[in-house]
Structure formats: C-alpha cells, structure tokens
Amino acid sequence: MSTFPSLHRRALRSSSLVALVLASGSAMAQQTIQGGNDLPAVVVAPPRPAAAPALAASAPAPSSIRRGRNRRAAQPLAPTTAPVAAPSTAPGSVAISPTGNPVPLDRVASSVTVITADDLAREQRRTVPDALQRVPGLNVVQAGGPGGQTSVFLRGSNSNHVKVLVDGIEVSDPSTPNRIFDLGQLLTSDIARIEVLRGPQSGFYGSDAMGGVISIVTKKGEGPAKLSVTAEGGSYGTFNQSGTLSGSVDRFNYAFSVGHYRSESVPVTPRELVPLGWRINPNAYDNRTFSTKLGYDFNEYFSLNYVGRMTDSSLRFTGDNSYPGIGSFDFTVFPDQTRSRSDSQFQYHRGEAVISLLDGRFRNVFGVGYTYADTSSRGPGITALTPFVDYLPTRGIGIRTRYDYQGDVLIVDGQRLVFGVQRDEESFSNKTINPKTGNTGAYVQLQQQFFERVFLTSNLRYDDNDAFGSHMTYRVAPAVILPWTETKLK
C-alpha cells in the first residue's frame, strides 16, 4: 500500500506551534552510562594543523575527568564556531562508538556521523527516524506515518545487521523473527547524541553489527537543577509534550524525562486504492516515553550508574485484506474497512559499577542490562465483507539479560588496549512456545598511533552460541592522514 510518511513532518513544520519553555540546559554525552558528560563538545573545527596531537592528550580516558574533588574539566578540541548545519563529520569532532572510548573522528578508519541535541532541536526532529533521514549511506524505511514499523538499512545490509544501542543497552527485540529493533518508537526529547557508525563492526560488537552500529545516548544531569517543559500542536491531530528535570548535587547526578507524542489523523491511504463509498481511515499514533538517568561518584576511583527507559505506544492503522467476489471471481485486495491496532511496551534498564585504577589509566566497567519487549497486534475484526472472521490478537514477549565487563588500559600515549566479556540470555514467549538461548562473547582491541599521522585499530572477537557453536571474527582498520592536504586514507 502506498504511503506518505513525509506528510506529517511537512505539516508539523508548517503548522502553528505553541511552546512553553520554563528553563533549559545542555548535557554532554557518553556511549554507555558510565563516564558522565565528559565528551568534548561536537563542533566544527578550523583546519587541522600539520601535526596531530597525541591521542591520549585530545581524548582523555573518561575516568580522568570524573566529577570529584580532583576533577579536571574536559576541554573542547576546538573553539566554538557557528552552529553546524548538518550532522557532524568534521575534524575535531569525537565519537565513542568506533572504539568504545572517545577518539577524534579524523583518526577513525570508519565512516561516522554524529547528530547532537542541538541538531535535533534546530531541525525540530521529533522522532529518531526523522533524525536519521539525512545520514549518508543509510536508508530509513517506515510503513505509513509516525509509529509505523521502521527499519534501517546501512550500506545495503539487512535491517537485522544493524546493531542499535541506547545508553549502551542492546535494544533489538527477541520476540520478532529477525530480532530487529523498531526505531519508529524512539522519541528525541531526551536524546543528547546519536552516532551512526557505518561498515562492518562485528570484531568489536558481534554478529549483528555487520552493517554498522547506531548508538543513541540520552542526556545526563549536570550543574544546578533545570526544569524544561515544552508543548506543541499542529495539523493531523498533533499534540506533543515533553518535560525534563535534571541536575547534580555534589557527587550525585540525576535526569528525569517524560515525552508524549500524539498524532490522531495522518492520511496514508490514497483515494484511488479505496472502493467507492468506503471510508478512508487515517493512522493514529500515541507514544508515552519515560526515562531516568542516575549516577553517584563515591570518589575519583569508584562510581555507580543506572539508566532506565520505558516506552508505551499504540498505533491504529489501515491494513490490506482479501475480499471474495469483489470485481472478479477471485480474491481482491483492498484496504480494510476498519483499522487494525498494534500495541507495544518496551523497557530497558542498565546498572554499572565503574572502577578506575592507576591514576585513571586502567578503567573497569561491570554492567548488567535488561531488555523487555511486549508487542501485540489485532486485525480489524468483523466487517460487512468478512462477517464470520474475527482477527484475534497476537502477542509476543521477548526478554534479554546481559552481564558484561569491559577493561580499558592506556598503555602509553597513543597505545590503548580494550578488552571485555559478555553473556547474553534471551527468551521469547507467546501462546504456544517459549524458546530460550544464550551467547557468550569475548573481545580484545588494540588502538595504536604511529608518527602522529598513522592510526591503526585491530580487534578480535570470539563468540560461543548455545545453539550455533563458536565463531571468530576480526577487523583491522588503518587510517593515514596525508600532510599538506590533510586527506585521510582508510
């Protein structure tokens, strides 16, 4: 069925908006919940100097700049300039997803696009699919309007070959046949940063990162308490609200966020597909998202962190169906007379203990993550053309628990070793089956810098799956920056 997902976005931008902002504040980002707001601001930098500074100087270990009595403030890599007009890939920007620790983008042998909270606010991107539309090498496919099933394809790979992380939590849905994550359920009101890492990353992230990685980081509280409340309304029954309370007190930081996205009348069915006299039903979507981010730094060596997120959404949409005896002797496909309904509830939780040793040169992260996905769908029910058919609801519940450890050692300036181990336990249940499986993975990665212009990242991963046995993956990624032209070969 033809759809027009862009109608809602155009209407929302052209509609009259009513916004109330009581107070506002910015928060920096992190790849997982550990590390706090210690990434330098992502800005467009002046042209690179001929000699690149050492990696350890421009990308300090997160533990070296924790909140504490001896805290050192993070310094931006370049002076702040005019706002970025597009997702950032500029020299001087930093990312964590390529290596698991902050590294300047011009020293990474992968293609990375960084979208910041400022980009999302300036372009009024209310959902993650909207935010990803402009990322090169990425194709967003959304069924219908807001809330429709959304898949992402990176460089032509399958949608289940793209790993999606939210604050370091893998959010793929174990209850779906191919375990993909529906990005259409993610709002942007509490997002601080989106990193899109293109190309095969299985040597570090595992088998479901063959196409790339999308890492989403939410905002963290910092400084005095800040309260922000926003409301807006527009065409197609759109009425959105969001609220955030964040800040820090001594060694404790907190951030609480609530988001509500509603659109009641989004037209997605073309008139020519509907028989004469049949009503055209628009899509209706309602999303309520709640998130919490907490952290406590006992001292400069030990911290505890927690992040939790829950999304409760409902979508009413018009599906296709086959009706006998309309226009031919065979079954004819038309849009349904009444709408179907899809309900989803997603919960993500993660707790971490962070221990820093050797004056911050050896960082240890112990984490436990939990993913819960409860999805159900129901057809349109009894209609005039299908008087004896009632579409009963189908439901699936997918659960994942992850136990993980990651160590990060700065050996010498420009030489860093990252290693870790993970254990995943998954289950899926519906009315008839309840299968379970698990996977144990271990990885090691070496980041090297030579002659200030040659960078090399090598990683090796071993996975032992309960059902499919053991497999080894690896990756070697060099990057060379040429003098004078500052061209990067990778």
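In which sense do strands β6 and β9 pair, parallel or antiparallel? Strand β6 (residues 162-166) and strand β9 (residues 212-218) run in the parallel sense, and five bridges link them. Welcome to this predicted model, a protein of 490 residues with five helices and 24 strands.

**The protein as a whole**
- Of the 490 residues, 53% count as buried.
- Taking contacts between residues at least 6 apart in sequence, 64% join residues at least 24 apart.

- Strands of a sheet pair through backbone hydrogen bonds, in either a parallel or an antiparallel way.
- Here, five strands form an open sheet in the order β3-β8-β9-β6-β7, and the pairing is mixed.
- The edges are formed by β3 (111-116) and β7 (169-170), each of which pairs on one side only.

**T218, a residue of β9**
- T218 belongs to strand β9, and it counts as buried because its relative accessibility is 6%.
- The side chains of T218 and D167 are joined by a polar contact of 2.6 Å.
- Beyond residues up to four places away in sequence, T218 touches D167, D190, I191, A192, K293 and R309.
- I191 is 27 residues from T218 along the chain, yet their C-alpha atoms are separated by 4.2 Å.

**D208 and its partner K163**
- You can find D208 in the loop between α5 (202-205) and β9.
- Its contacts, leaving aside neighbours within four places in sequence, are N160, H161, V162, K163, E170 and R179.
- Side chains of opposite charge can pair when their charged atoms come close.
- D208 and K163 form a salt bridge, with their closest N and O atoms 3.0 Å apart.
- Because D208 lies in that loop and K163 in strand β6, the pair ties together parts that are 45 residues apart in sequence.
- Are these two partners buried or exposed? D208 is buried, with a relative accessible area of 14%, and K163 is buried too, at 4% relative accessibility.

- The protein has a count of 26 salt bridges.
- One of them joins E170 to R402, with the closest N and O atoms 2.8 Å apart.
- E170 sits in strand β7 and R402 in strand β19 (residues 394-412), so this pair ties together parts that are 232 residues apart in sequence.
- E170 is buried, with a relative accessible area of 7%, and R402 counts as buried at 13% relative accessibility.
- R341 and D343 also meet through their side chains in a salt bridge (3.0 Å, N to O).
- In this pair, R341 is partly exposed at 40% relative accessible area, and D343 is partly exposed at 25%.
- Through shared partners, salt bridges join K163, E170, R179, D208, R400, R402, D424 and E426 into one network.

- Which residues make the nonpolar surface patch of about 610 Å²? They are V444, L460, Y462, M472, Y474 and V476.
- Strands β22 (454-465) and β23 (469-481) each supply at least two residues of the patch, and β23 gives the largest share, with three residues.
- L460 is found in strand β22 and counts as partly exposed, since its relative accessibility is 38%.

Technical notes:
Residues are numbered from 1 along each chain as its sequence is written. This is a predicted model: local features need pLDDT of at least 70, side-chain atom pairs count only at pLDDT 80 or more; totals for chains, interfaces and linings use all residues. Side-chain values use heavy atoms; hydrogens and water are left out. Two strands pair if DSSP finds at least two bridges between them. Helices (H or I, at least four residues) and strands (E, at least two) are DSSP runs, numbered from the N terminus. Patches are made of residues with over 30% relative accessible area and no salt bridge: like charges are joined within 9 Å, nonpolar side chains (Val, Leu, Ile, Met, Phe, Trp, Tyr) within 5 Å. Accessible areas come from the Shrake-Rupley method with a 1.4 Å probe; for residues, only the protein chains shown count as cover. A salt bridge is a side-chain nitrogen of Lys or Arg within 4 Å of a carboxyl oxygen of Asp or Glu. Buried means under 20% relative accessible area, exposed over 50%, partly exposed in between (1.4 Å probe, protein chains only). Contact means heavy atoms within 4.5 Å. A polar contact is a pair of N or O atoms within 3.5 Å; within protein, one must be able to donate a hydrogen and the other to accept it, and residues adjacent in sequence count only if both atoms are side-chain atoms.
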